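Work through the exercises below with the structure open beside you. Each task is followed by a solution in steps.

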Amino acid sequence: MAHSKIKLPASATIILLFGFVLLSLQLMSSATQESSELGEMYSWLLVINTLGSVILLGLVAFNAYSLVRELKKKEAGSRLTTRMVSLFVLLALAPAAIVFYFSVQFLHQGIDSWFNVEIDRAMDDALELSQSSLNQRMNWHIKQTKQMADQLRDKSEALIAMEVGSLWADSGALEIAVFSNQGRVLASSSVNPSDILPHLPDEQIWLLLRQNKEYFAFDPGDNDEMLVRIIVAIEADQSRFLQVLFPIPVRVTDLADSIEFAFIRYQEMNFLRDSLKTSFSLILLLVLLLSLLAAIWVAFISIRNIVAPVKELVKGTQAVADGDYQQQLPVMNQDDLGFLVESFNQMTRRIARSRDETRAAGLEVENQRAYLETILANLTAGVISFDAAFYIRTANQAAYRILHIPVSHFVGETLPTLATMHKELADVLNAIQSLLEKADDIWEQRIVFLGPNGRQELLCRGTPLFSQHGARTGAVVVFDDVTDLIQAQKNAAWGEVARRLAHEIKNPLTPIQLSAERLQHKLSKELQDGSAEFLQRGTRTIVQQVEAMKRMVDDFSEYARPSKKQVEKINLVDLIQEVMALYLPSGIIFSTAFASDRVLVEADPVSLRQVLHNLIKNAQEATTAPCRIEIKIAKVSRNNTDYVELGIYDNGNGLNAEQLETIFDPYVTSKAKGTGLGLAIVKKIVEEHGGVIWVDTSYNGGAGFLLQLPVFEFGNNK
Amino acid sequence: MLCLQIAPGMAEAGDYAARIEYAELNHIDHGYDVQAHIDYRLSPTAKEALHKGVPLTWDVTIELRQPGMLWDTIIHNRKLTYSLQFHALLNQYVVQTPFDRSEMFLTLSAAMNFMAAVHDNTPIPAELVAAGKPYLLAVKTQFNRELLPIPLRPVAYLDNRWFLSSAWYTWPIQK
């Protein structure tokens, strides 16, 4: 049930109210009739109806105030209620006001039409006629009384007593009495023998009598009859008075009363004309007010009841808009609005179910996405996805590891933009961009570039993505750093070459050498000096070259042979300083920058010493001027592992781009006597110790090598 | 005669309110007789209404009260109704007394004078009044608007020209 402002059983209240209003108005209407017994209650009914109007006005005002407050708060349904109430009030008020206006007009005109000059005059004339008739009768009786007084003048009281009776009989009077000026009755005669005492004048009559010496007036007699009382002085000295009571004929009295009643009634109505108009107008106004106010109040209640479901719907809709799909509204009536509410409830149930399903699906997608992201993140291959305009959408952790730039931070950027910010990767990025733009199918390409860790070789595979309708929606590039793989392949190949050389070349060398020596031994005595010397030179040359070839083959064997490391914990700083001490006599100027004095690594000291020897010797041989070598040790972290980074920089001629690509390959040397295996062996040893080595291309003062080895313990900074 | 106090004063607010000029409580054979004099005044509107045939009625209320702490106890109560009407045919004024008697007067002042002299012929029983106790004699005259014609009644309650009643006037009486 909706809550209305007036919490009463609406139907019962409305019926009671209208019943009370109608009863009260009917009673008041009846009370206005003069003949009605309700006339005595008129004032009370007026007060009750006025009070009723005031109470209804209060109720309407309270409802209107509540509505205004709801409007200010912008509560649901308040505007609809206002519109409906306003419309109702307008529709009710306009005809009611018109009816009221014309009713009052007709009422006033009707009352005015009761009175006019002719009736006024007729009433006055009728009254005057009655008065003339009565006065004429009185004058005749006065004359008659005076004649009787003349007959009694100067007579004794005894004689008067005797004549009063005959005078009464002749005159037709009701009563004749003679009394002294002291009020003493001297004689009397009456039509009613039971009247012992005559109707003597009262004090007022005595007063007038003494002033005027005579008195005549109409007196109300017994039994509603009218009398004429005439008193005249018998003697001139007013010692005795004669009072005669004459009857007025009943017919005359009735006619006079009738005329007087009509006259008085007319006069009264004429006097009350304005009051009558006011009174009727007041009643009409009360009727209008009571009816209108009751109707407006009932309209408030009814409209609130009608709007209640709409209000609930608005609230429900707002709740749904705010995301509350559990909203269920009460169905109050099985009407159209009830059907609407039921439909709303059904809709919210469906939306809630759809939302739950969508949420579950979204969760599943999210899980899948997270799963894929986890897989992508843990892939060793870098993966970068692009949209249709080749803007980066996603990039995994491996992309960062391979390219050494946080690609995932550049989502929404293009590869050329990335290239402008990281110029060292400009070649590879622009190459990938070019391949992306050109490719309509899956492509694969090896791209070599010089990264911060030296030369890198990427194996890139690109796949353009298409929608179901064939439109390009983006692309995915998967790339892997195959530098180590390629190097391993090369190393394996070179190892095989070395092994074959050792087997195919070294084996014949010993017989060659022995044969040459045997030739020298046997023929040197037999030949002449010149020939013997020639032979000796030839055999020596053969032996020397064979020895050289043996050394070369031994070096290859050494390179190809798996190392037999004896790993122990050594302090790299101490090792470096030992090696440096060996080269100090040669004039090399060392400068060091060690982050710590204690850098323990697990390594084979002999191998590491060889690494250092090779690198320092390499620097020494590459430098013509006084050789300056700077050695740096720093701690770096990579993939949650601590490494010691050893940098060796010389002041030599440096390396050109071509050298950079093959510097660590076997048989690559710029020196006349070098075998080209020095740096290859260095790289091999470093990699066997789980480290990496590359040329520091950012160094321009000569050649710089950076190698990283897993560190066991890195002491506190100096 | 018992103690009596005359205290003329104004009645209810209005220029035409009646005034109680005096009241008396006289000891007679079997009780006490109340006599009072009321000065009735008629506004021009009331006079016009009277001459147009509207009867005017006053209720004279006489009470004998015994004072109390919170309120007075009414031990005797009498209401005398006087009605004044104009007889157009005879050009006289008729006063209907409380004792079912009509008195006709040639002038309005004569009729008013007659009404002014209140004399209750029903005495207050002697046994109601105890010796040595204080009493209050209260008199007022109330113009009865409810006996006016219906259209005139609402106006009579609002227009001070129809405020013809007096207020209560009380006199302390010690037996």
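## Exercise 1: a histidine in a loop

A:His422 sits in the loop between α11 (415-421) and α12 (426-438) of chain A. Helices (DSSP runs of H or I, at least four residues) and strands (E, at least two) are numbered from the N terminus. The model is a predicted one: local features need pLDDT of at least 70, side-chain atom pairs count only at pLDDT 80 or more, and totals for chains, interfaces and linings use all residues. Residues are numbered from 1 along each chain as its sequence is written, chains are lettered from A and ligands numbered from 1 in the order in which they are written, and side-chain values use heavy atoms, with hydrogens and water left out.

Task: Decide whether A:His422 is buried or exposed, and find what it touches.

Solution. 
- Step 1. Apply the accessibility classes: buried is under 20% relative accessible area, exposed over 50%, partly exposed in between (1.4 Å probe, protein chains only).
- Step 2. A:His422 has 18% relative accessibility, so it counts as buried.
- Step 3. Look for contacts (heavy atoms within 4.5 Å). Not counting residues up to four places away in sequence, A:His422 touches A:Ile405 and A:Phe410.

## Exercise 2: salt bridges

Task: Count the salt bridges over all chains. Then locate the partners of three of them.

Solution. 
- Step 1. Set the rule: a side-chain nitrogen of Lys or Arg within 4 Å of a carboxyl oxygen of Asp or Glu. Side chains of opposite charge can pair when their charged atoms come close.
- Step 2. The whole structure holds 26 salt bridges.
- Step 3. Take A:Arg273 and A:Asp112. Their closest N and O atoms are 3.7 Å apart. This pair links distant parts of the chain, 161 residues apart: A:Arg273 is in helix α8 (residues 273-321) and A:Asp112 in helix α3 (residues 78-114), both of chain A.
- Step 4. A:Arg273 is partly exposed at 23%, and A:Asp112 is partly exposed at 28%.
- Step 5. A:Lys277 joins A:Asp112 and A:Arg273 in a network of salt bridges.
- Step 6. Turn to A:Glu366 and A:Arg369, with closest N and O atoms 2.9 Å apart. Both lie in helix α9 (residues 336-378) of chain A, three residues apart, about one turn of the helix. A:Glu366 is partly exposed at 37%; A:Arg369 is partly exposed at 40%.
- Step 7. Finish in chain B. B:Arg161 and B:Asp159 have their closest N and O atoms 2.8 Å apart. B:Arg161 is partly exposed at 39%, whereas B:Asp159 is buried at 14%.

## Exercise 3: the surroundings of an isoleucine

Task: Describe where A:Ile111 lies and which residues it contacts.

Solution. 
- Step 1. A:Ile111 belongs to helix α3 of chain A.
- Step 2. With 1% relative accessibility, A:Ile111 is buried.
- Step 3. Set aside neighbours within four places in sequence. A:Ile111 then contacts A:Arg273, A:Leu276, A:Lys277 and A:Phe280.
- Step 4. A:Asn270 is 159 residues away along the chain, yet its C-alpha atom and that of A:Ile111 are separated by 9.6 Å.

## Exercise 4: the interface

Task: Characterise the interface of chain B and chain A by contacts, area and polar pairs.

Solution. 
- Step 1. Count residues: 25 of chain B are in contact with 32 of chain A.
- Step 2. Take the buried area (accessible area, 1.4 Å probe, that two parts lose on being put together, summed over both). The value is about 2,400 Å², with 67% from carbon and sulfur atoms.
- Step 3. B:Lys52, B:Leu89 and B:Ile150 supply 29% of the area that chain B buries against chain A, more than any other three residues.
- Step 4. Eight residue pairs (both at pLDDT 80 or more) are in polar contact. That term means a pair of N or O atoms within 3.5 Å; within protein, one must be able to donate a hydrogen and the other to accept it, and residues adjacent in sequence count only if both atoms are side-chain atoms.
- Step 5. α1 (44-51), β4 (73-87), β6 (102-105) and α3 (153-158) of chain B each supply at least two of its residues.
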